[in-house]
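Hi everyone, thanks for coming.

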Amino acid sequence: MAGIAILLDLYQKKPSFCSPQSFHSSGLFSASAATASAAATVAAGTPFASRFLFGYPKVSHCDAGAVLPEYYISNTQRSSEDFFKNDALKYSVKEYKIELKPLFSAFELRPFALTTLRSFLLFYLPLLEPSLNIEEDEEDFPQDSPEERRVDLVVPLKKSVKQIIRETTVVTTRRILERLAVIYVSQRMAWKLLKDVPKSAVRKSQRGMPATVYFFRVSRTTFRGHLLGVTAAWIVQTGIEIYRCFSRITNSDESNEANVTVRAKLLGKKISGITIRCGASLIFASIGAGICATLFRPSVGQWIGCAAGDLAGPIIVSVCLEKVFHVDL
């Protein structure tokens, strides 16, 4: 109330004191006068008897007209934007780009032609060896009649067709497994299973790793990238053996329980052999890819080592098991 009374008294003495211009330009009514009036108002509102407990109130004031310069605000905003941009680049989430090959890629012109050529060479090249041996031994042994020398070309043809069907089925099964991996496995793991291993070996070679670390990384990447292919081969070979077992049981005249038991044991032995050969193929392919990628060019060396290990692994394991444990796979 005392503050209001002071303001009214000043207004009566000088009416132009409270004009809008006087609040901004007049030296009589300054920020200190406003502060003093506010302090008087607060002091008047406080009872005299309680001042020894609370004391005189402290009033703080500030310049309400202070404004930050525009360049300061713009620099602050720019620095904050740069900070968050750099922080986002530093902690950005890695994107895993998964490129799925067509489901029936095995039936495309180039892959199918290579599969056909490989299958025919696999079964028709051995037919040339007996004729060469006969020509070498013509002086020691009498010549056979042309009818006895005639070579059966139908059996290799059937085997070649079966091999073509088997390889195309393996590739198609792998494409199905790739799609199942994308659906049921995490995106990171699916990306590792479907990674292009030769390109990954090239990228790893550009990081300046030690030879042992590079060998381990390439072998691990090859193991993951070759896993679906070996799994597809295992599924196809196991399915063929199961089909053969059931067809022999149903077509045989002896349908007793002993025959079924023998066939089941033989099936289990064959599946075990298929599993061991596929595991050896996967392990030796990974080791061979790591060795060749370290010794030779990364991309070509990885491909050659993987192919050589895939081919030599089952043979090495079969020979070792036969010599040491007398087990015929």
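So, at what angle do the axes of helix H11 and helix H14 cross? Roughly 135°, and the axes come within 8 Å. Here H11 is residues 197–205 and H14 is residues 298–325. Axes are lines fitted to C-alpha atoms over the stretch in contact, with angles from 0 to 180 degrees between N-to-C directions, and helices are DSSP runs (H or I, at least four residues) numbered from the N terminus. H11 and H14 are therefore oblique to each other, meaning not under 35 degrees (roughly parallel), over 145 (roughly antiparallel) or 65 to 115 (roughly perpendicular).

Who touches whom? Val197, Pro198, Ala201, Val202 and Ser205 of H11 meet Pro298, Ser299 and Gln302 of H14, where contact means heavy atoms within 4.5 Å.

Quick note: this is a predicted model, where local features need pLDDT of at least 70, side-chain atom pairs count only at pLDDT 80 or more, and totals for chains, interfaces and linings use all residues. Residues are numbered from 1 along each chain as its sequence is written, and side-chain values use heavy atoms, leaving out hydrogens and water.

Now the rings. The whole structure has three aromatic pairs (Phe, Tyr or Trp rings, the six-membered one for Trp, with centres within 6.5 Å; planes under 30 degrees apart are stacked, over 60 edge-to-face, the rest tilted). Phe104 and Phe107 sit 6.3 Å apart by their centres with planes at 50°, so that pair is tilted. Phe120 and Tyr124 are stacked, at 5.9 Å and 25°. Both lie in helix H6, four residues apart, about one turn of the helix.

Definitions and conventions. Helix = DSSP H or I, 4+ residues; strand = E, 2+ residues; numbered from the N terminus.
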